[in-house]
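User: I'm new to this one and would like a walk through how it packs inside. Could you take me through it slowly?

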Amino acid sequence: MRRVYLDHNATSPVHPAVREAMMPLLGETFGNPSSLHAFGQRARRALDLARQRVASALGAEPDEIVFTSGGTEADNLALKGACRALGPGAQLVTSAIEHQAVRSTATALAADGLPVTTCPVDARGVVDREAVLAAVTPGTLVSVMAANNDLGTLQPVAELAADVHARGGILHSDAVQAFGKVLLRVGDLGVDLLTLSAHKVGGPKGVGALYVKRGTPLAARQHGGHHERHRRAGTENLPGIVGFGVACEVAVPERLSAAAGIAARRDRLEAELLAAIPDAAVHGPPADRVPNTLCLTLGGVPGETLVMALDLAGIAVSTGSACSAGLDEPSYVLAALGVDPERLRSGLRLSLGPETTDDDAAHVLAVLPGLVSQIRQGADGLG
Ligand code: PLP
């Protein structure tokens, strides 16, 4: 059966150069980077090179990169570590459409007594800047994602950072879904903390990084040895980290060069699907959206039913974040946009990758409208 993968926001295929670079780390380069002998020093050099590569993909300094077990851990470290270090006056301000990794961490911090403000977004998914700024006092951590995983909406991170700093706060941005889709330079963004994950950009799963601007208050959340400059204890996942470094050096630039072509393909598919399917709506802004993401609602069609029907037809998509899949809950992201409550379970996310072809898009266009009408007829028949 022909298979089309349009779930790149969930994860992406490992880049061949990444796989090749990781293999020696599972063989002869097995040393512990903290060991003093030659085996350890060889591993240390591989770790240092990977750190340089990740830093350079962001325009950061190597000592500003803390390797973690992924985006989720980096978000946890940013929020818990910064709020702890900010001390008694700390508070957290965030948006209503953050990924679960920030959202659930904020809930956990609130349960521990930290003041947390969740700011609304507009119908495109752009955070209400006035609401954010009204809540910021000295000692506030603001956490606003660079791009939303379901909608692709880009947030005005650089503008927020300037305003937050002017009020004495600091800014974290979860950039897992923006990295490799738009150019990110920490100097231009002005962020204090920034989260990355390797597996969304052709790297392996289980590795990510937190960028920590020099001087940013951050208390470790995981204690043990002195790894990662005392910010994250534990022997480093060297194969994963090396893979992440190569993804930053090879796959991220490739993705950035492919971005305009991916956006054009996404836009064509979007227009064709809207023309072919009655009662279909696109969510997220037409501009200021990452190039690969298309979020639709299809009136009267449960998203999960459609995901399963598409899977049987060889097309892999999702209703939204893989971290929320299977929960059968209405989408909190669509709810925050003010989408009609009846449509909150009918979300469908198509996320293209650099490998997606025009033929893949044509296959989706050939299959999806027919499935939608079959499901609608089935529902009518039951009614
Ligand atoms: N943040 C965002 C915006 C994401 O999309 C994801 C993954 O879906 C994560 C964080 C979590 O990253 P990881 O899978 O590396 O834990």
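**Core and helix packing**

Analyst: The largest nonpolar core has 66 residues, and those with the most contacts inside it are Leu-58, Ile-65, Phe-67, Phe-179 and Phe-244. Such a core is a set of buried Ala, Val, Leu, Ile, Met, Phe, Trp, Tyr and Cys residues joined through side-chain atoms within 4.5 Å, where buried means under 20% relative accessible area with a 1.4 Å probe, protein chains only. The largest share of this core, nine residues, comes from helix 9 (residues 238–276), helices being DSSP runs of H or I with at least four residues, numbered from the N terminus.

User: What kind of model is this, and how are residues numbered?

Analyst: This is a predicted model, in which local features need pLDDT of at least 70 and side-chain atom pairs count only at pLDDT 80 or more, while totals for chains, interfaces and linings use all residues. Residues are numbered from 1 along each chain as its sequence is written, and side-chain values use heavy atoms, with hydrogens and water left out.

User: Which residues does Phe-179 touch, leaving aside neighbours within four places in sequence?

Analyst: With those set aside, Phe-179 is in contact (heavy atoms within 4.5 Å) with Ala-57, Leu-58, Leu-184, Leu-196, Val-201, Phe-244, Cys-248 and Val-252.

User: Switching topic, at what angle do helix 2 and helix 9 pack?

Analyst: Helix 2 (residues 38–58) and helix 9 pack at about 35°, with their axes 8 Å apart; axes are lines fitted to C-alpha atoms over the stretch in contact, and angles run from 0 to 180 degrees between N-to-C directions. Among the residues making the contact are Ala-50 and Ala-57 of helix 2 and Phe-244 and Cys-248 of helix 9.

Definitions and conventions:
Buried means under 20% relative accessible area, exposed over 50%, partly exposed in between (1.4 Å probe, protein chains only). Helices (H or I, at least four residues) and strands (E, at least two) are DSSP runs, numbered from the N terminus.
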